[in-house]
Amino acid sequence: MNIKGLAEKHKEYTINMRREFHMYPEVSWEEVRTSKRVQEELNKINVPFKIIAKTGVVATIKGGQKGKTVALRADMDALQVQECNDVPYKSKNDGVMHACGHDGHTSMLLTAAKILNEVKDNIKGTIKLIFQPAEELAQGAKVMIKEGVMEGVDGVFGIHLWSDVEAGTVSVEEGPRMASADLFKITVKGLGGHGSLPHQGIDAVVVASAIVMDIQSIVSREISPLESAVVSIGKFQAGTRFNVIANEAILEGTTRCFDPSIREKLPGIIERIVTNTARSYRAEGSVEYTLGTPPTINEKKSSKIATKAVEKLYGKEAVAKLQKITGGEDYAMYLEKAPGVIAFVGIRNEEKGICHPHHHEKFDMDEDALVMGSALYAQYAIDFLKEE
């Protein structure tokens with residue numbers, strides 16, 4: 001099966017679909033048009049599907065022989081970003097943009113569906129094609145899984161187009177690739193008063209400021225220096241005017257790490273520091289800790305299958321190395337249900353002026369890379385299903 005050749009044959013289709021999705025971006029849980037177009041394209045090639053998780057689509061391609069089941073995943077949602085690119089396919093939805101590459105993910109998986117459907121008689125096993133909503137909220141995968149998308153799945157494969165990787169190369173290393181991404185909200189309760197008489201109140205601003213500083217010691221003093229972790233507070237809200245002692249302060253932040261055991265400890269550590277620091281100032285402190293996504297960890301055997309697939313398609317020189325990333329991905333939730341891998345397909349091309357990071361208002365991609373992604377989706381599925 002010449003998967004590379006088939007991907008090249010469908011190159012124009014892939015790019016056209018990507019540009020259409022780019023022109024009509026939709027935010028999380030509102031991917032109505034996108035979902036409809038995915039369904040229409042699957043209908044054209046007679047690939048059966050069902051709708052789950054509101055706007056999610058799950059298609060199934062059965063091979064000529066019975067065997068294992070592999071799932072291929074693409075996300076569909078866009079971001080609340082005003083696009084500043086001057087291109088024919090610029091977003092037509094004001095204030096919304098595909099600034100993270102999900103338009104490319106969806107178009108590549110549709111092309112992979114075409115490829116796999118054409119060669120299905122020679123495939124041993126079943127392929128699930130997962131078109132997922134709401135990745136940007138870290139909610140879509142959880143709902144898709146709850147509604148049964150991973151039932152009977154033996155392995156899973158996903159792609160993230162990546163602006164820090166050169167076009168024409170792919171990173172599929174084993175081990176931790178992306179961090180967990182959790183969030184927390186800290187509430188400090190003090191006692192209000194006049195700014196000129198601070199001794200009569202309990203200043204929530206001072207207490208919260210102390211908590212901000214004390215939390216900085218978590219990474220430096222409670223986590224091994226051989227491990228990576230981030231604890232950041234991005235929001236500090238308190239007070240009403242210059243001469244009023246604030247009776248309440250709200251802090252909001254995020255934690256990131258690559259080790260599930262560290263992730264498990266962080267809520268308790270933060271709660272201990274908040275409670276005890278607040279108490280030392282005669283105030284009260286509480287924590288609401290919300291689990292977002294676990295770390296994305298590529299399984300060893302799956303990574304080897306992906307590496308061989310890249311080499312088979314584009315040679316050993318196409319295999320790139322990429323440092324692990326502290327960004328999060330809800331694809332990690334699929335990896336908790338079945339072994340698998342996420343591939344970072346390069347889209348950076350300085351000569352074409354394509355060098356802006358994800359979530360930037362001028363984010364774009366070298367569309368030649370979409371062919372590589374389509375081929376890799378299909379090749380991984382075929383190779384995984386061949387494995388005993």
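Let me begin with Asp330, which is buried, with a relative accessible area of 0%, where buried means under 20% relative accessible area, exposed over 50% and partly exposed in between, using a 1.4 Å probe and protein chains only. What we are looking at is a predicted model, in which local features need pLDDT of at least 70 and side-chain atom pairs count only at pLDDT 80 or more, while totals for chains, interfaces and linings use all residues. Residues are numbered from 1 along each chain as its sequence is written, and side-chain values use heavy atoms, with hydrogens and water left out.

Asp330 sits in the loop between strand E15 (319-320) and helix H10 (332-335), helices (H or I, at least four residues) and strands (E, at least two) being DSSP runs numbered from the N terminus. Its side chain makes a polar contact with the side chain of Gln132, at 3.0 Å; by that I mean a pair of N or O atoms within 3.5 Å, where, within protein, one must be able to donate a hydrogen and the other to accept it, and where residues adjacent in sequence count only if both atoms are side-chain atoms. A polar atom of the Asp330 side chain also lies 3.5 Å from the backbone nitrogen of Gly140. Leaving aside residues up to four places away in sequence, Asp330 touches several others, among them Arg73, Glu135 and Thr293, with contact meaning heavy atoms within 4.5 Å.

Let me turn to Leu110. This residue lies in helix H4 (residues 102-118) and is buried, with a relative accessible area of 2%. Leu110 and Thr14 are 96 residues apart in sequence, yet 7.8 Å apart in space, C-alpha to C-alpha. Beyond residues up to four places away in sequence, the residues that Leu110 touches include Tyr13, Phe21, Val38 and Phe131.

Now to the cysteines. How many disulfides does a search of the whole structure find? The search finds zero, a disulfide being a pair of cysteine sulfur atoms within 2.5 Å. Cys84 is in no disulfide, and the nearest cysteine sulfur, that of Cys355, is 15 Å away; for Cys100, likewise in no disulfide, the nearest cysteine sulfur is that of Cys355, 16 Å away. Cys84 counts as partly exposed, at 43% relative accessibility, whereas Cys100, at 8%, counts as buried.
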